[in-house]
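Please look through the sequence and the structure shown below, and keep both at hand while reading. The report then takes up a few helices and loops in turn.

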Amino acid sequence: MIGEYDSGFKRFLLLNEISQQTDTVVEKVNAYILEKDHLYLEEYLGEKEKLLANKERLQGKIGNHDNFLALLNYENMLDSFMEECDLAISAFKAADIHLYSQHFNEASAISSFIHETTLTLIDKELSSYQPYFGQMTERAHYLKMTAIFLFSGTLIFSALFAVKISGGITRPLGALSAAAQEISSGVFSGRDVEVTSKDELKLLSETFNHMRRSIFELVNEMKDQSELDKLLKELELKSLQNQINPHFLFNTLNNVSRMAYLEDAHETVKLVEAISALLRYNLANIDKPSTMREETDVVMDYFFIQQTRFGERIRFIADIDESCLDVPVPRMTLQPIVENAFIHGVESIEGESVIKLSIYRNAGGIVAEVMDDGKGMASQTIEKIMKAPDDSQRRGYPIKKTSGHSTGIGIRNVIKRLQIFYQIQNVAEIDSEPGKGTTFRILIPHYLGAEGRRSV
């Protein structure tokens with residue numbers, strides 16, 4: 001359409017240019033006759049050449065076959081026009097006034113005819129283009145309607161596609177949000193979030209579903225373990241309160257009988273009082289915290305009882321800072337350590353042995369230290385004792401009943417209760433070598449020593 005319009009417009013311009021050039025040629029001829037200046041003659045010849053060139057271009061440019069005769073007549077008039085102009089110039093040069101005037105008038109008349117014929121050709125060309133212009137108008141309307149329908153269809157399709165895409169994103173996100181709210185409210189057994197797409201949302205939903213199942217299984221496991229811990233704790237408390245080793249009680253009663261036989265009642269009274277105090281302390285509520293002062297008093301009673309059994313063979317030394325005795329500690333902390341020193345450290349040694357209890361302050365806090373010069377322990381035994389079960393294992397602390405102990409509470413149990421009580425891991429140290437004795441230290445930091453954290 002654009003090419004056809006451009007071609008027709010060029011034809012109109014060519015016809016109009018030819019018409020204007022005839023006027024220019026007439027003016028140049030007239031100027032030469034009047035002024036007799038050869039410059040005008042040269043300009044005439046230049047315009048004539050242009051007119052001839054346009055006449056050559058005109059052939060084949062007119063597209064309407066109905067204009068063939070008119071175009072042929074037009075070309076003949078151009079030939080006649082240029083011929084009359086040449087004759088007028090020749091007559092002027094020959095000084096034949098009548099002849100060059102006749103030829104000049106004839107050229108002017110032909111120029112007028114050329115003007116009229118030009119308008120006729122242009123009119124006929126426009127007339128022949130009326131159906132084409134109608135087709136162009138119809139096509140333009142069709143293209144306009146097509147563009148409108150195409151734009152509308154694209155807009156509707158884009159809207160539907162956008163709704164589908166956004167729905168494919170928002171629906172899974174909404175389901176994930178609802179599932180997350182269920183989890184936050186404590187509901188872990190909901191249905192899995194289903195995503196049919198194969199994009200990042202599917203990976204996200206699968207990961208979320210796996211996480212919820214893992215949380216559900218973990219919560220159930222924690223509930224089971226919590227219930228088990230509760231039962232084991234109850235059994236442990238009852239066991240701790242009711243465990244009085246028959247062998248220890250038997251030996252103690254033998255000592256009481258022997259003392260009553262060999263002495264007046266004074267030493268026997270002291271022994272009975274020590275036994276009573278020890279039994280009373282052991283049968284108290286183990287869940288309530290004690291103080292370092294109470295623990296020290298119980299150790300002193302315990303040692304008095306053991307001294308009646310071993311006599312001068314075992315010497316007990318106490319080096320205690322009174323300012324450290326008000327610190328809270330779990331009940332039954334020092335006695336099992338001292339008792340362990342007796343049973344495993346010095347009881348089987350025939351010579352004289354020493355057990356020393358020291359309570360003092362250092363830069364890190366308060367230290368309660370039980371030292372013996374007995375058999376000592378290997379590094380593997382120390383490592384096994386120090387690896388007390390932690391909270392992540394979530395297990396109870398079964399008590400191994402040991403012959404000769406008054407409480408049945410082992411060192412591992414003491415360490416674990418200290419860790420729970422102070423909420424720290426580094427609560428104890430053991431220094432020992434086989435044949436060189438053992439030193440057990442309880443470490444209470446300053447910032448926890450005054451209050452403690454919880455009861456055990």
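The expected span of a helix is taken as 1.5 Å times one less than its number of residues, and helices (H or I, at least four residues) and strands (E, at least two) are DSSP runs, numbered from the N terminus. This is a predicted model, in which local features need pLDDT of at least 70 and side-chain atom pairs count only at pLDDT 80 or more, whereas totals for chains, interfaces and linings use all residues. Residues are numbered from 1 along each chain as its sequence is written, and side-chain values use heavy atoms, with hydrogens and water left out.

The buried residues in α2 are L41, Y44, E47, K48, L51, N54, K55 and L58, where buried means under 20% relative accessible area, exposed means over 50%, and partly exposed lies in between (1.4 Å probe, protein chains only). Seen down the axis of α2, these buried residues fall within an arc of 140 degrees, so they line one face of the helix; the arc is that of the directions from the helix axis to the C-beta atoms. An α-helix has 3.6 residues a turn, so residues three or four places apart point the same way. On the other side of α2, the residues H38, E42 and E49 are exposed.

## E47 within α2

E47 is found in helix α2 and counts as buried because its relative accessible area is 17%. Which residues does E47 contact, leaving aside its neighbours within four places in sequence? They are Q21, T24, V25 and K28, with contact meaning heavy atoms within 4.5 Å. For T24, the separation from E47 is 23 residues in sequence and 7.3 Å in space, taken from C-alpha to C-alpha.

## The chain as a whole

The protein chain has a secondary structure of 13 helices and 7 strands, and 39% of its 456 residues count as buried.

Helix α12 has 12 residues and reaches 17 Å from its first C-alpha to its last, which is close to the 16 Å expected at 1.5 Å a residue. This helix is mostly covered, since 11 of its 12 residues are buried; among them are I411, N413, V414, I415 and K416.

Two packed helices are described by the angle between their axes and the distance between the axes. The axes of α11 (residues 379-386) and α12 (residues 411-422) come within 8 Å and cross at roughly 45 degrees, and that makes α11 oblique to α12. Axes are lines fitted to C-alpha atoms, for helices over the stretch in contact, and angles run from 0 to 180 degrees between N-to-C directions; angles under 35 degrees count as roughly parallel, over 145 as roughly antiparallel, 65 to 115 as roughly perpendicular, and the rest as oblique. The contact is made by K384, I385 and M386 of α11 together with I411, R412 and I415 of α12. By class, it has 4 nonpolar, no polar and 2 charged residues, where Ala, Val, Leu, Ile, Met, Phe, Trp, Tyr, Cys and Pro count as nonpolar, Asp, Glu, Lys and Arg as charged, and the others, Gly among them, as polar.

Most residues other than glycine have a negative phi, and most peptide bonds are trans. Q423 is not a glycine, yet has a positive phi of about 60 degrees; it is found in the loop between α12 and β6 (428-432) and is partly exposed, with a relative accessible area of 43%. A95, which is not a glycine either, has a positive phi of about 65 degrees. A95 is found in the loop between α3 (68-93) and α4 (97-128), and counts as exposed at 61% relative accessibility.

K436 is found in the loop between β6 and β7 (438-445), and is exposed, with a relative accessible area of 63%. Not counting residues up to four places away in sequence, K436 touches G374 and K375. K436 and D372 are 64 residues apart in sequence and 8.8 Å apart in space, C-alpha to C-alpha.
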